[in-house]
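Student: I am new to this structure and would like to take a close look at one part of it. Could you take me through how its helices pack, and then turn to the spaces left between the atoms?

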Amino acid sequence: MNKPVKPSTFEPTPNNLESFWMGFTPNRAFKQRPRMIARAKDMHYYDLKGRAILDGSAGLWCSNAGHCRDPIVNAIQQAAAELDFAPTFQYGHPKVFELASRITTMAPDDLNYAFFCNSGSEAADTALKIALAYHRARGEGTRTRLIGRERGYHGVNFGGISVGGMVANRKWFGAMLAGVDHLPHTYNRKEQAFTRGEPTWGAHLAEELERLVTLHDASTIAAVIVEPMAGSTGVLPPPKGYLKKLREICTKHGILLIFDEVITGFGRLGHAYAAERFGVTPDLLTFAKGVTSGTVPMGGVLARQGIYDTFMNGPDHVIELFHGYTYTGHPMAAAAGVATMDVYRDEKLFENAKALEETWADAAFTLQGHPLVEDIRTMGLVAAIDLKPVDGKPGLRAYKAMENAFHDIGLLIRITADTIALSPPLMITRNQIEEIFMDKMPKVLASVASL
């Protein structure tokens with residue numbers, strides 16, 4: 001039965017958790033035992049009682065500079081007071097141009113142009129649209145096919161889900177985009193278990209792209225999109241040489257290569273972009289999360305010079321790319337982004353991540369040999385710990401580990417299926433790394449041992 005229509009009211013209902021339909025969350029389980037966060041500072045969240053919770057996952061892979069950092073907070077406050085909104089359709093404001101200059105200067109080779117949006121999901125769809133429009137602009141409009149990868153995650157818009165390779169994300173929403181195919185994922189536990197950095201096995205899997213070219217013909221393929229390191233499906237570092245092979249095959253057949261760096265960008269792997277770490281320049285590169293350290297929603301796409309130039313034809317007064325969002329380059333997001341780049345630079349946070357990579361890996365691998373741990377993978381300041389599933393109840397052990405870590409142990413972690421993913425703010429110290437792996441994680445594992 002429909003609820004009766006009631007007059008509009010702006011009065012809140014105290015302690016009511018029911019109205020918020022939470023994304024990527026088992027709503028009923030959460031509302032029975034909520035994990036509520038009241039504030040944050042630097043490396044910690046704090047619950048409603050003021051109890052400190054060490055942030056082991058940089059929020060959702062995004063708070064790379066830490067939480068509530070004064071320079072970023074001050075920049076957002078100043079921007080809100082000076083310029084609440086300015087359109088970037090036909091108009092502009094200084095901060096968005098400054099941010100574009102900053103983040104393209106940090107990028108390798110000729111990734112010289114930044115197109116802004118509001119999230120990683122929008123960034124993925126934007127990159128796919130640019131790829132399709134690019135081929136059309138250069139007279140190869142038959143190139144409409146998009147190639148993703150199994151176990152890939154490119155957000156939750158229709159384009160990103162279509163090229164993504166997460167079954168649960170795909171099965172509910174029908175056929176999605178037509179003309180999409182997928183490369184195989186690169187993870188093989190038998191060949192790669194307990195690997196630090198790039199596995200030595202698996203580079204040959206890039207050659208599957210040649211098979212797809214043979215199947216579909218290069219003249220129909222617009223782009224290949226991959227995460228340099230897959231994050232959301234359990235931290236899957238690329239095999240040595242894999243990304244270079246993809247680059248070679250794409251170049252050979254005139255296919256654009258897109259790196260989804262929403263997670264790997266802005267220091268997560270010890271460099272501004274993973275493209276720099278692996279020595280492979282894509283044609284398009286998506287970013288989000290760390291660009292503002294998660295403070296104000298923002299995402300975008302970096303494009304190489306030749307792609308941008310291809311669109312710059314025709315009369316000067318005519319729009320070159322019919323795409324954009326109301327909040328593209330929002331003044332507060334742009335101000336947050338510029339301030340975040342300052343923090344990264346002034347505190348040498350990318351360098352800190354690189355310097356601590358071995359310390360982080362050494363600490364993570366102290367859990368090897370635990371009866372519940374089936375695999376560990378590390379790269380940069382990222383670690384995945386695969387837990388032994390509960391018989392007949394996949395995902396339960398990791399879910400309970402997340403609950404117990406928050407409520408009882410004071411640690412925030414990410415989970416996917418029965419994998420725990422850790423990716424802390426880049427300001428982490430050696431002592432805090434030890435706290436995570438030598439103190440808190442053993443307690444988390446002990447808390448789920450009897451399931």
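Student: At what angle do helix 15 and helix 17 pack, and how far apart are their axes?

Tutor: Please keep in mind that this is a predicted model. Helix 15, which covers residues 357–364, packs against helix 17, residues 430–447, at an angle of about 20°, and their axes are 9 Å apart. Since angles under 35 degrees count as roughly parallel, helix 15 and helix 17 are therefore roughly parallel to each other. The crossing in which helix 15 passes helix 17 is right-handed. On the side of helix 15, the residues that take part are Thr359, Trp360, Ala363 and Ala364, and they meet Arg430, Ile433, Ile436, Phe437 and Met438 in helix 17. Sorted by class, this contact of helix 15 with helix 17 has seven nonpolar residues, one polar and one charged.

Helix 3, residues 70–82, and helix 13, residues 331–346, pack at an angle of about 155°, with 8 Å between their axes. That angle makes helix 3 roughly antiparallel to helix 13, and the crossing of these two helices is right-handed. Helix 3 brings Pro71, Ile72, Ala75, Ile76, Ala79 and Ala80 to the contact, where they meet Pro331, Met332, Ala335, Ala336, Ala339, Thr340 and Val343 of helix 13. By class, the contact of helix 3 with helix 13 has twelve nonpolar residues, one polar and no charged ones.

By class, the lining of the second largest pocket is made up of 20 nonpolar, eight polar and two charged residues.

The largest cavity has a volume of about 50 Å³, and the residues that line it are Thr186, Tyr187, Gln192, Thr195, Gly197, Pro199, Leu236, Pro237 and Arg377. That lining divides into four nonpolar, four polar and one charged.

Conventions. Residues are numbered from 1 along each chain as its sequence is written. This is a predicted model: local features need pLDDT of at least 70, side-chain atom pairs count only at pLDDT 80 or more; totals for chains, interfaces and linings use all residues. Side-chain values use heavy atoms; hydrogens and water are left out. Ala, Val, Leu, Ile, Met, Phe, Trp, Tyr, Cys and Pro count as nonpolar, Asp, Glu, Lys and Arg as charged, and the others, Gly among them, as polar. Axes are lines fitted to C-alpha atoms, for helices over the stretch in contact, and angles run from 0 to 180 degrees between N-to-C directions. Helices (H or I, at least four residues) and strands (E, at least two) are DSSP runs, numbered from the N terminus. Angles under 35 degrees count as roughly parallel, over 145 as roughly antiparallel, 65 to 115 as roughly perpendicular and the rest as oblique. A crossing is left-handed if the near helix is turned anticlockwise from the far one by less than a right angle, and right-handed if clockwise. Contact means heavy atoms within 4.5 Å. On a 1 Å grid over the protein atoms alone, a cavity is a set of points where a 1.4 Å probe fits but cannot get out, and a pocket is an open set with protein on both sides within 12 Å along at least five of seven lines; lining residues have an atom within 4 Å of a point. Grid points are joined across faces, edges and corners, and a volume is the space filled by probe spheres set on the points.
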